[in-house]
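Hi everyone, thanks for coming. Could you bring the structure up on the screen, please?

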Amino acid sequence: MNIVVISGSARPKRKSHQVALEVLNRITKRDQITSTLLDIKEYNFQNLDYVYKNHPSPTEQMKNFSETITKADGIIIVSPEHNGSYSGALKNTLDYFLVNFLRK
């Protein structure tokens, strides 16, 4: 089984990233499970202009993120709460790759 953990905050002193790392660490210890961390802060996608599948010139980062999500059997999203919802950086990223998240 392939599990992707998404660290969903891009703020400088984010606490939720430590939680994402702990989740990844615990998953890694399980037999027959591979895991990958996707860090929203590292990807730093620009504000959405085109969804990934319609993007005229997707970057290598976009391709990597898309492929990683597509290959995942499951996804765990770790996000802080901002104003009663999840982070804007996470929302922007989810919008880019919405099709890749279907049926996960």
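Helices (H or I, at least four residues) and strands (E, at least two) are DSSP runs, numbered from the N terminus. And what you see is a predicted model, where local features need pLDDT of at least 70, side-chain atom pairs count only at pLDDT 80 or more, and totals for chains, interfaces and linings use all residues. Residues are numbered from 1 along each chain as its sequence is written, and side-chain values use heavy atoms, with hydrogens and water left out.

So, helix 1: it has 13 residues and reaches 18 Å from its first C-alpha to its last, close to the 18 Å expected.

Which residues of helix 1 are buried? Buried, by the way, is under 20% relative accessible area, exposed is over 50%, and partly exposed is in between, with a 1.4 Å probe and protein chains only. They're Ser-16, His-17, Ala-20, Leu-24 and Ile-27. They cover an arc of only 105° around the axis, so they sit on the same side of helix 1; that arc is taken from the directions from the helix axis to the C-beta atoms. On the other side, Gln-18 and Arg-26 are exposed.

What do the buried ones pack against? Strand 1, strand 2 and strand 3 (74-78), where contact means heavy atoms within 4.5 Å.

Take His-17: its relative accessibility is 12%, which is why it counts as buried. Beyond its neighbours within four places in sequence, His-17 touches Ser-7, Leu-37 and Asp-39.

How values were computed:
Expected span 1.5 Å × (residues − 1).
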